[in-house]
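Dear colleague,

Please find the structure below, handed over for your use. My notes on what was found in it follow directly after.

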Amino acid sequence: MTSASLGLWAALGAAACWASAAVLFKQTTESVSPLGLTLVKGLVALVPFGILVALNPVSLPLQSVAVLALSGVIGIAVGDTLFFASLGALPAHLVVVLVVLGQSLTVAGGVVLFGDDPSAGQWAGMALILAGLFAALQEPPAGQPWGRGLLFGLGAVLAMTVGTLVAKAGLHEVPALPATFVRLAAGTVGVALLGLARGQIG
């Protein structure tokens, strides 16, 4: 399997995980705050990732660690918290569509920042995603305005896109597993500090 095909399957797997997680997290948004969900998700995920990293230790360049940590704060602390806020205000399927929109923005950012060259078919796929988002926004349920939720969702998409692009800059010298751990740890610490500052850790 080539690195390109491996990356493709990894991206599809990530999308499937996000879709499944959105449906599961939707059930908790009424009883747990977006900040609390982000913190709990991060703390739970740090345990298995920490064990795996401890079993496979690697030396990480300080500059890459700093870039990945910044990516984690933007993409996880900010992006995930806004994602959960939008999930509490919007139907789960619409939030998933918004997240997919973020993947298209990431591709566009890769073209501008890293000189990526998507094929005509890939551009067509992104156009279909935009068309799907437009179709999904046409009929909001009666009595459920989507304005606030959409703002949270678009903010999450922007933060996740920026976080992903920043992470790409720090992945040249760091394997995926420790890179994910650094991002997750930085994002979780960022959420914890924000929660402490706002008196919302309980």
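In these notes, contact means heavy atoms within 4.5 Å. The model is a predicted one, in which local features need pLDDT of at least 70 and side-chain atom pairs count only at pLDDT 80 or more, while totals for chains, interfaces and linings use all residues. Residues are numbered from 1 along each chain as its sequence is written, and side-chain values use heavy atoms, with hydrogens and water left out.

Ser86 is found in helix H3, where helices are DSSP runs (H or I, at least four residues) numbered from the N terminus. Ser86 counts as buried because its relative accessibility is 1%; buried means under 20% relative accessible area, exposed over 50%, and partly exposed in between (1.4 Å probe, protein chains only). Not counting residues up to four places away in sequence, Ser86 touches Val95, Gly149, Phe152 and Gly153. Asp80 also belongs to helix H3 and is buried, since its relative accessible area is 4%. With neighbours within four places in sequence left aside, Asp80 is in contact with Trp18, Thr38, Lys41, Gly75 and Met160.

Three further residues have higher values of accessibility to report. Leu70, in helix H3, is partly exposed because its relative accessible area is 47%. Asp117 sits in the loop between H4 and H5 and counts as exposed, at 72% relative accessibility. Its C-alpha atom is 9.2 Å from that of Val107, ten residues apart in sequence. Leu196 of helix H7 counts as exposed at 57% relative accessibility, and 32 Å separate its C-alpha atom from that of Val97, 99 residues apart along the chain.

The next item is helix packing. Two packed helices are described by the angle between their axes and the distance between the axes. The axes of H2 and H7 come within 9 Å and cross at roughly 145 degrees; axes are lines fitted to C-alpha atoms, for helices over the stretch in contact, and angles run from 0 to 180 degrees between N-to-C directions. Among the residues that make this contact are Leu35, Gly42, Phe49 and Val53 of H2, and Leu177, Phe181, Thr188 and Gly195 of H7. By class, the contact of H2 with H7 has 16 nonpolar, six polar and no charged residues. Here Ala, Val, Leu, Ile, Met, Phe, Trp, Tyr, Cys and Pro count as nonpolar, Asp, Glu, Lys and Arg as charged, and the others, Gly among them, as polar.

Finally, the largest pocket has a volume of about 2,200 Å³. On a 1 Å grid over the protein atoms alone, a pocket is an open set of points where a 1.4 Å probe fits, with protein on both sides within 12 Å along at least five of seven lines, and lining residues have an atom within 4 Å of a point. Grid points are joined across faces, edges and corners, and the volume is the space filled by probe spheres set on the points. The largest pocket is lined by 48 residues, with Ala10, Ala11, Ala14, Gln103 and Thr164 nearest its centre. Helices H1 (3-26), H2 (34-55), H3 (62-89), H4 (92-114), H5 (120-136), H6 (147-170) and H7 (176-197) each give two or more residues to this lining. H1 gives the most, with 13 residues. The lining comprises 28 nonpolar, 14 polar and six charged residues.

With kind regards
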